[in-house]
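Please look at the structure before reading on.

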Amino acid sequence: MADFIKQNAGRFFANNKKGENAELLADLNSEYRDRRKDAVKRVIANMTVGKDVSSLFPQVVKNMQTEDLEMKKLVYLYLMNYAKSNPDLVILAVNTFVKDTDHVNPLIRALAIRTMGCIRVDKILDHICEPLRKCLQDDNPYVRKTAAIGVAKLWDLDQERALENGFVTILQELVSDSNPMVVANAVTALAEMQESSVSKDIFVVNVAIMNKMLAALNECTEWGQIAILTSLADYRPLDSKEAENVCERVVPRLQHANGSVVLSAIRVIMIFMRYIKSEEFIKGLIKKMSPPLVTLLASAPEVQYVSLRNINLILQKRPDILQNDVRVFFCKYNDPPYVKREKLEIMIKLCNDKNIEQILSELKEYASEVDVDFVRKAVRAIGRCAIMIDEASERCVNVLLDLINTKVNYVVQEAIIVIKDIFRKYPKRYEAIIPTLCQNLDSLDEPEAKGSLIWIIGEYAERIENADELIENFLETFLEENSQVQLQLLTATVKLFLKKPDQSQEIVHRVLQTATSEIDNPDTRDRAYVYWRLLSTNPQAAKAVVLSEKPPISVETRTISPALMDELINNISTLASVYHKPPKAFMGNRAFSADAVKKAAAADARDEEQIIGDAVLDASGTPAPKNVMADLLDLDFGSSEPAYTSPPVSSSKPTNNSGPNYSADLFDMSTDMSGPSSNVFGGMGGMGGMGGMGGMG
């Protein structure tokens, strides 16, 4: 029985499917309107879940001619979905479309022209122009606004046809329409057409158009407001007074409930502020921009993140905004990690001598959280605050010492890294904390933390009694250490020798010998050679180089160049403001519609078929074009032709007519040195593997 079911299962399901389609076919041809409507609903339901019901296309199209608006919508939905797979049968529906564009009901007129625009088949283009022209001049604004988007769809399919039929001109006239929704859709369509046009003269905003858009702004839907504000951002005011006027009319949009409208309004204000000369007016605008930005942080985490990235940009351009609202950027326990990171960055940008106390208290709390990555960033933020604000540096150092006393490994290591930067910013100010840092030497296991403590020991070796012992402790694992630690150990050892030559001559000898003979890393080895040459020829020069005064470090709150900043401000509320990259960095030089992407994919497939075809021809005996890369890679090592061999390296001394031996010249320089500086490394002449260095003694 089981075998019988397996053998006939495929036939059963095929018959069931065939029976279902046959039943739908019968219902679609029924003389009863209710049965036909129910059948269309079932067809749409099957289409929605992915079943193929394209075979019912002619029967569904026949049901277009009905006064039932619901059924007409369902049939139009079916047509939009299956028109591309049945382009020849779409012509059957053209007459009904044209007839519906003259219907008494404006909803049906708009539905017909919308559906014709959505059926992206070349054959329907010949029949869409006249209905579209009628709808663009329709008495009902709902039909006109729908037709305006239809022009953009026609433009995407055939730009020449749209220009020849004067649709672009009609669309430009619709910007002056009495209905604000028609204006918004006309602006949306023209802006989209402008992006893909070659001449870039489809939609140029002038004073007259700007005034018409501003007049329609208050009465549009939120999407219409976004479209108008986006187009306003491309306008450049003639003078300061006009810029002030535009800003005054855009400011009410800052109170909108939709975050995209708020950010679009801020974008326009930020751009127009460049042209305003009155500082008082600019201060008033900045004061009005703060509350809407704060309100955006009450949204969902994803919206918060987008808002925070935009706020980050705005703060770099206008640092005086949000100065009194730092508390709203304090992290909550349930904030996602990506929101916490952005809030932390903004807190640092808002940090000043007035709010440093509450920011430090907050950062200290963050350092006790469970998220290790966030804890590290919080500790680093404390260090950045110390470097930014001189008056608060002592308070920051005390907070860091409290964190070190917690003995939490990753907190201690991050604190040491941060304190190293504080020492560079404020040399000789906080030397008293060095013993506390050295007590944690054994707990360090990260290269950056080790390198930071080694740098501190080398920099303050003359003030640390047991500096040589601490360096010796690190040298026990010198060969196994990360290159970053090795480089710091080299420098710290040389500093120790220059400051305490009597105690560390043996240490520096051992380190330099190990680094030059046993380490493969070229950076470490070359630095050891440089130090050795400096110490062996001129210790005073070595002091001037190694112990030179370090340039002061600072924290840059502005991480984006001015030119890129202006471009990103022009793109506030877009992906560019989230990525902090110009649009061309992630979109290329043009935007692709869905059809363009499909055409490009089809072209790639054709190219691939052509390549495969050429390969087949090559295999059949037809000579293939020469492939240089293949020739380079297909080397025949087994051929009888003599291969190129490098000239033998002679160990004997080169003759006078041979090329110069730069290595020998470099290492033999010390044989000509005389005076007290040549005797610094008296016992170091016997280094193995460094023949020319023997003269250093």
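Helix 24 (residues 447–459) packs against helix 25 (residues 467–475) at an angle of about 155°, and their axes lie 10 Å apart. The model is predicted: local features need pLDDT of at least 70, side-chain atom pairs count only at pLDDT 80 or more, and totals for chains, interfaces and linings use all residues. Residues are numbered from 1 along each chain as its sequence is written, and side-chain values use heavy atoms, leaving out hydrogens and water.

**Helix pair**

- Helices (H or I, at least four residues) are DSSP runs numbered from the N terminus.
- Axes are lines fitted to C-alpha atoms over the stretch in contact, with angles from 0 to 180 degrees between N-to-C directions.
- Helix 24 and helix 25 are therefore roughly antiparallel (an angle over 145 degrees).
- The contact (heavy atoms within 4.5 Å) involves K450, L453, I454 and I457 of helix 24 and A467, L470, I471 and F474 of helix 25.
- By class, this contact of helix 24 with helix 25 has seven nonpolar residues, no polar ones and one charged.

**Second largest pocket**

- A pocket is an open set of points on a 1 Å grid where a 1.4 Å probe fits, with protein on both sides within 12 Å along at least five of seven lines; lining residues have an atom within 4 Å of a point.
- Of its 16 lining residues, P427, K428, E459, E549 and K550 are the closest to the centre.
- Helix 22 (409–425) and helix 24 each supply at least two lining residues, and the largest share, three residues, comes from helix 22.

Methods
Angles under 35 degrees count as roughly parallel, over 145 as roughly antiparallel, 65 to 115 as roughly perpendicular and the rest as oblique. Ala, Val, Leu, Ile, Met, Phe, Trp, Tyr, Cys and Pro count as nonpolar, Asp, Glu, Lys and Arg as charged, and the others, Gly among them, as polar.
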